[in-house]
Amino acid sequence: MTPDQSQPPKLKHTEAAHLEAGPDAHELILVKGDQRFSFRCTPGSETELLNQLAVVVADDANDLTWFDAAVLAHQLGQRMSQRLTELQNQRKPA
């Protein structure tokens, strides 16, 4: 029997949960004690990343808390804002 691929991965120690990512990917990193959590997504799939993060946090087998999720979501918002500013600056005439 093969494992259900729709289930989010269990995070332990320095393992990372990744969505498809490319060169423009958002990477969110949280260091908690001796653990390092990394979440990645491509622009446009931020909602999917947040949904996966919520599933991971709700699973008692993982050490992430809702506060940790809020910190990661804040990081994502900052990255998105920075990217929008960069795009806006590229569109302005010189």
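1. Start with helix 1. Helix 1 has 13 residues and spans 18 Å from first to last C-alpha, close to the 18 Å expected at 1.5 Å a residue. The expected span is 1.5 Å times one less than the number of residues. Helices here are DSSP runs of H or I with at least four residues, strands are E runs of at least two, and both are numbered from the N terminus.

2. The model is predicted: local features need pLDDT of at least 70, side-chain atom pairs count only at pLDDT 80 or more, and totals for chains, interfaces and linings use all residues. Numbering runs from 1 along each chain as its sequence is written, and side-chain values use heavy atoms, with hydrogens and water left out.

3. Check the confidence. pLDDT is the predictor's confidence in each residue, from 0 to 100. The protein averages 77, and 74% of the residues score at least 70. Over residues 1–20, pLDDT stays under 50.

4. Now the layout. The protein has two helices and three strands. From the N terminus on, they run β-β-β-α-α.

5. Which residues of helix 1 are buried? They are Glu46, Leu49, Gln52, Leu53, Val56 and Val57. Buried means under 20% relative accessible area, exposed over 50%, and partly exposed in between (1.4 Å probe, protein chains only).

6. Strand 2 and strand 3 pair in the antiparallel sense over seven bridges. To pair, two strands need at least two bridges found by DSSP. His26 stands opposite Cys41 in strand 3. Two residues lie between the strands of this hairpin, where Gly33 takes a positive phi near 65°. Five of the seven residues of strand 3 are buried, so strand 3 is largely enclosed by the rest of the structure.

7. Follow Leu72. Beyond its neighbours within four places in sequence, Leu72 is in contact (heavy atoms within 4.5 Å) with Leu28, Ile29, Leu30, Phe39 and Leu53.
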